[in-house]
Amino acid sequence: MKRIPSTPRADWQATAEQLGFAFHTFDGEPYWDESAYYRFSLRQIEDDLEDPTQELHELCMALVAEVVDSEELLERLAIPAAFHELIRQSWKQGDPHLYGRMDLCYDGTGPAKLLETNYDTPTSLYEASFFQYVWLEQQMQRGQLPAGCDQFNSIEDKLLQAFVQGGFKSPMHFASVRDSLEDRGTVEYLRDIARQAGLGTRLLDIEDIGLNAGGRFVDLLGTPIDSLFKLYPWEHLFNEAFGPAIAGSRTQFVEPPWKAILSNKGALALLWERHAGHPNLLPAFIDDDPAASLGPGWVRKPFFSREGANVEICTEGGEHLIEAGPYGGGPCIRQQFHPLPVFAGNHTVIGSWVIGDQPAGIGIREDNSPITKDSSRFLPHVISD
């Protein structure tokens, strides 16, 4: 694994705009960054990233199967009691799901360490799946990369397969939060793949979903929503005024309610309880667990934080970092501090994608801080021995 400086394509911004990548720049700073790329060997991809992703995913699925049958575990994850049965039935009846992303700490030598699971509303999908592959093809065509370079990236193919085989109702509504360019871009990308799979699709803002007198969720035309892909966290939905109507709405939700277990950082503590010493896991405990003993280096993460918000780090050397955010006050985990690798002054994290229960590709984020945030840059990668 090496970070290789690279000359950006002169037309990359125009290409991004042409291909619908409207969120390539945040606040005047590039989010997509092709001034460098990461190079992996095939062995690193297959042995150190792909195989552990499959194994960790299977541990996660086994954890869900255990948690849904335990009121105690659902309570430990701070999931409201009113939604325990919804989550339980969603799992028991096999509600279909699409995707998830694991954030891994990896420096080119194994084992990769699981930092967290993003299994409900993972973003960076479009850039990991589509745009970095466009970069690879164009750079090879233009002689900037050797012919025959590859990429760990079957995300789009597996998404199409998941939509075809998933048993999703049609038409499927696709919803995200109004005025979020990144979320809308992710939703429109998934909607396009769903159309390729033969599903009818409709687009709307989360804020425009209504509830009719019959208990059905409806769009602005009053059409019942039979199937809904929502880029909106389950923990937020549970707290909405219409939350109690979810169970009786007859809407098929994607991602399904059982994903509330794996989008919760408390699941990392439960995984460690069951698989202490696993080479790809870090010690993690519910923050008030009297058995927790992590020594001088630890990371404190709220159960429901996203994009690094409210994450607190105490390094082994005593350095203390904290990222502001809106998720303070809730339950937290404390995880063993495992420093991200630093390449050319950049702290690097790998997002490993699972599509339809299979490892499907990676995306790489960089930041000048040890805490990966919404503004952290996305860099492409290649496989080249």
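**Close-up views of a predicted model**

**View 1. Strands E1 and E4 run antiparallel and are joined by 4 bridges, E4 covering residues 36–40.** Strands are DSSP runs (E, at least two residues), and helices are runs of H or I of at least four residues, both numbered from the N terminus; two strands pair if DSSP finds at least two bridges between them. Isoleucine 4 stands opposite tyrosine 37 in E4. This is a predicted model, where local features need pLDDT of at least 70, side-chain atom pairs count only at pLDDT 80 or more, and totals for chains, interfaces and linings use all residues. Residues are numbered from 1 along each chain as its sequence is written, and side-chain values use heavy atoms, with hydrogens and water left out.

**View 2. The open sheet of 3 strands has the order E1-E4-E22 and mixed pairing.** Strands E1 (2–5) and E22 (381–383) are the edge strands, each pairing on one side only.

**View 3. The largest cavity holds about 50 Å³ of space.** A cavity is a set of points on a 1 Å grid over the protein atoms alone where a 1.4 Å probe fits but cannot get out; lining residues have an atom within 4 Å of a point. Grid points are joined across faces, edges and corners, and a volume is the space filled by probe spheres set on the points. Ile206, Ile209, Phe217, Leu228, Lys230, Leu237, Phe242 and Phe253 form the lining of the largest cavity.

**View 4. The second largest cavity holds about 30 Å³ of space.** Its lining consists of Leu114, Leu268, Leu281, Leu282, Ala284 and Gln335.

Notes:
1 Å grid on protein atoms, 1.4 Å probe; cavity = no way out; pocket = protein on both sides within 12 Å on 5 of 7 lines; lining within 4 Å.
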